[in-house]
Each structure stands twice: as structure tokens, then as C-alpha cells.
Amino acid sequence: MNKQYDVVIVGSGAGGGTVAQALIPLIEKGLRVAILEQGPHFPHSYFTQREIEMMRLFRFNGAWPVKSGEITIAAGQGVGGSTLMYTGVSFRLPASVVEEWNVPGLTMDDLTRRFDRIERDIHVITPSETMINDNNRLFKHGCERLGWPVKKIPLNIKNCEQVGFCNLGCHSGSKQGTLEVQLPKAIQSGIHLIPNCEVVHVSEKTIHAVVHHPPDGTLKGSWPPGKVTIHSDIIVLAAGSPGTSGLLLKSGFQKQLPCIGRNICLHPAMTLYGVYPKPIVNYRGFPKTFYTDHFTRSHGYYIETAFYYPFVSTRHMGVWGKDLSEIMSKYNQLMTVLILNHDTTQPENRITIDRKGAVQVHYRLSDTVIASLCHAQIRSARLFFEAGCERVIMPCASSPVIDRHNSDEKTLTQMIQTQHFIPIKTPVSSAHPQGGCAMGNQPESSVTDAWGQVHGFPWLFVADASLFPKSAHVNPYLTVMALADRVGDRIGSTLDQKSSF
Ligand SMILES: Cc1cc2nc3c(=O)[nH]c(=O)nc-3n(C[C@H](O)[C@H](O)[C@H](O)COP(=O)(O)OP(=O)(O)OC[C@H]3O[C@@H](n4cnc5c(N)ncnc54)[C@H](O)[C@@H]3O)c2cc1C
């Protein structure tokens, strides 16, 4: 099968969905645009909130391992990309990070204008008092007792039913990801959305893809299963980090652009638990409403409130056998936080492809990251005890289940040490892969310019988290959208100059 378009967008997540929306004025004038998404198109009724079933929304069932096995990546695979299961934490890229990135042509003023507009569009709000559940309240209480600043997390939700299972897909459509906001508008304007369409190769103005059968219970696309060649004047890669780098590497672009797959960050994270003396409600309200940035500058991490489901919780704990079943029997007493490290780029951390063309992420946790994760465990243990927990579970402690009588700073510091960090066994995960196609102005040290145009290939753009030259330091989706909006503008102005759209 052969198809012809003016613009084709690969990937429908935070980046792809936003470019699609930015092109609406041109689509309405006749521009032919398609979005190719390798994952299925899930209807709301698909989101059953049953943990094991909903792992189908994720690549590799939510645990895509890096080559060393030290960390697993969670990434979405479906119309909406990772915004299907993200939590909706809506942080702007801080001005200090824009300065650190130092990308010629990328300014805070430009981003701020876009953040203002996008936040209105996707309904970013400050959580109301009714959304603050027991876990959130205890977090605030613990931080206040320790004298740490505690702040409310902005969220992009509308008419939230507060069922709390946001990371398993939102059955009421309250989470305002691209499935709810950008994509429906783009489809209404005439864009073609093709689910189950896996792009396998990209060359000058040509895409090779395979359309797969739609899984049971998902919406059918308009293209039949089979191979397809698509010709397009402009190709926008928004397959996420590491997907976009993988596609470019598979297609042979590394000869001209040696930095493809380099400069990656993962925001290594650990989920930590404390056992409260009586049942607490964390499965209603909103799972994330407070965070503290008290240790950002000094030790490179945030602590955020969190809520996870039974199976994934057992994976997070780093305890086994009797200890695990004893702790899990108190599941409805668990206080939970997420620690999020702001890692730096390292030359050895990169995306490659193996001989079969499969994407590999090479990532080793540096000594600095491990030290930061251990520091965060000591502070989180203090937080849990101040909030009233009787026990805490810290994977990097000499004995991971720590009782209240060991809750003083000195004992915790003696117990929780980097020597107890055992790669692979210590559970570290990432939901924020970034980089691989860094913005910059030199083809030797970057892949695209500040507007996502791939150096030397005027028909090719990148519009996703791959563009980050370094860590965003904050949860990244809003930055992905703002950068993708810039890409949409650039494509729009290029086409406006060239044609009568
Ligand atoms: C569980 C979870 C919770 C999160 N919570 C938050 C949060 O609260 N706040 C926040 O800021 N961020 C959060 N994130 C991260 C955020 O969702 C991502 O940073 C953001 O969605 C990245 O956007 P993207 O466009 O780069 O990639 P994605 O949104 O991942 O989209 C990429 C899309 O490309 C598709 N694709 C890949 N390869 C191909 C191919 N070859 N052909 C066709 N299609 C392809 C994928 O299937 C996917 O749909 C979370 C992520 C997860 C997994």
C-alpha cells in the first residue's frame, strides 16, 4: 500500500499530539497530515483499572529494562503515548534549567508564552482540598515537622472522579492528556490518525511502516494490516525517547549526526513505603498533590507523594519472602512517596540498536546518583516517622525493614548506605526518559536546531522528549509540549512560505 501526505507525525504522545494541534489552522486550509502511532487506540471503556490488565498500555508491560538491568523504564504505547498513564504533574521547565541547557534560540520568554497557553488548553489547576487524601496530608504534616518547604503540585485534570488509579489509564477522561485534548481537535480538523502503525524506517521524504491487527477491545484504524510506504514532504518524529533515536539509528542517520542516541537522562526514581499504625486512604483523592524541593540544589532530587498498586508495590520494596508478605498484608496502611533524581548526562549512557534493529538503552547508575538515592531514603525515612509511621522499608538499608526505635538521624545514616545498593536487585525505575536528539547549533554536538529541525535534513523534524540536551530537573511532559509547539510553528511558517495553504 502507498500513501501520500504533506506532513506525517510519528507518535501521538505529548510531543506528537501537540504538533498535530499546532498544525490545525493549516489542516483546515487543506494540508494533508497523518499521525502514525504504533500502539492501539484504546476507548475509555478499556481502562478497567485492573493492574495486570492495564500493563498492556505500557511497552514491555511497564518494565523496559536498560541493557545493564539496573533500571527499568515505563513508557506508553498507544494513542496518547505516555500521557495515557502519566499522573499529570505539570511543572514548567525552570528558568535556571533553560540557562543550563544554553540552546541558542531557546529562551524562557518564548517558553513562558507557550506554557501560559498550553496550561489553559489542557486545564492545569492547583489541587483542591477535597483531592488531598490521607497520604498527601501525612506527607505535608511530616515535611512541616521537619521544616521542609512543602508545595502543591499543579495538575492537568478536569472533573476528576478521584478514583486514584491515574497510572492505569483514566476511564473518565479527566486527565487532560493528548488523547483527550489535542488529538480529538486535530481529528476533527481532518487529520488522519492511524493506530497500530509501527514505523520501521525513515529516508528522504519516505516512511516504511507496518500496520498490525488491532488488539481485542481497541478501536480499528482505517488502514488494513500489512506493509505501507508513505511519502510525505515533511516527517516529524515524536516516537519518544528512546524511540526516535532508535528509528534514526535504524535508518542510518548516525553517519551525518554522531550525537544521535547520546545525552540521555532517565530521572532515576525509587518508590518508598512507610507503615502507618492504622488504615489510610491513598486510593481515593489524587495520588500526587504535594512535593518538596528542599534537596534539589543540595542533593539533586525531589520527593513527591505517590500511590502505586499491589503488584508494582511488591517490585518497588526490595524485600522478599516473609517480610514482603507481612508488609503487603498491611497494604491499606502504606504511606508512599516517590524520590526523583535529576541525573546528568554521561558519555557511557546512550541509546543504540542491536543487530536485529531493536532499541537498547545503555545506562549505568553513577556513584553520584546512588549517593543521592541513598540520601533521599534517609530523608524519606525521617519523613515517614515524623508523619507517624511505625516502620519504613528502605531498600538500601543494612536491614530494609526499619522500626521506629531506629528512627533517629544517626541510626538511619548508619543503616542506609551506598554499599547496600546492589545493582539490578535494588529497585530503580524511570518514567522520564529524555534526550538522544539534543537541540543545539552544531551537527557534531547536537542533532536538531532549537526548533527541532534535524541538521542537514530540512524535511525532517524531532518533536518529543528526545530534544532535551540535559535533564529537565522536573517532571517533563509540559516541556515536551512547549518544545513540540515550537516545532509546529516552525513547520507552519515553512509551509506558509512555500505554498498556498
Ligand atoms: C507512569 C508514568 C507517569 C508519568 N507521570 C508524569 C507526570 O505526572 N508529569 C510529567 O511531566 N511527566 C510524566 N510522565 C512522563 C511523560 O508522560 C513523558 O515525558 C511524555 O509523555 C513524553 O512525551 P513524548 O512525546 O516524548 O513520548 P510519549 O508520550 O511516550 O509518546 C511516544 C509515542 O510514540 C509511539 N511510538 C514509538 N515508536 C514508534 C514507532 N516506531 N512508530 C510509531 N509510533 C511509535 C509510542 O507508542 C508512543 O505512543 C510519566 C510517564 C509515565 C510512563
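Into which domains is the chain divided?

**View 1. The two domains of the predicted model.** Domain 1 is made up of residues 1-123, 166-252 and 448-501. Domain 2 is made up of residues 126-157, 269-342 and 366-422. Taken over C-alpha atoms, the centres of domain 1 and domain 2 lie 32 Å apart.

**View 2. The contact between domain 1 and domain 2.** Domain 1 contributes 14 residues to the contact, and domain 2 contributes 12 residues. On the side of domain 1 that touches domain 2, eight residues are polar, four are nonpolar and two are charged.

**View 3. Helix α8, residues 243-250.** This helix is mostly covered, with seven of its eight residues buried. The buried residues are Gly243, Thr244, Ser245, Gly246, Leu247, Leu248 and Leu249. Just after α8, Gly252 has a positive phi of about 90°.

**View 4. The strands packed against α8.** The buried residues of α8 pack against β9 (197-203), β11 (226-237), β17 (350-353), β18 (359-362), β22 (434-436) and β23 (460-462). Among the buried residues of α8 are Leu247, Leu248 and Leu249.

**View 5. Asp496 in helix α14.** Helix α14 covers residues 477-498, and Asp496 is found in this helix. Leu26 and Asp496 are 470 residues apart in sequence, yet their C-alpha atoms are 8.5 Å apart in space.

Conventions. Residues are numbered from 1 along each chain as its sequence is written. This is a predicted model: local features need pLDDT of at least 70, side-chain atom pairs count only at pLDDT 80 or more; totals for chains, interfaces and linings use all residues. Helices (H or I, at least four residues) and strands (E, at least two) are DSSP runs, numbered from the N terminus. Domain bounds come from an automatic or database domain assignment. Two residues are in contact if their C-beta atoms, placed from the backbone, lie within 7 Å. Ala, Val, Leu, Ile, Met, Phe, Trp, Tyr, Cys and Pro count as nonpolar, Asp, Glu, Lys and Arg as charged, and the others, Gly among them, as polar. A residue is buried if 20 or more other C-beta atoms lie within 10 Å of its own, exposed if 12 or fewer, and partly exposed in between; C-beta atoms are placed from the backbone.
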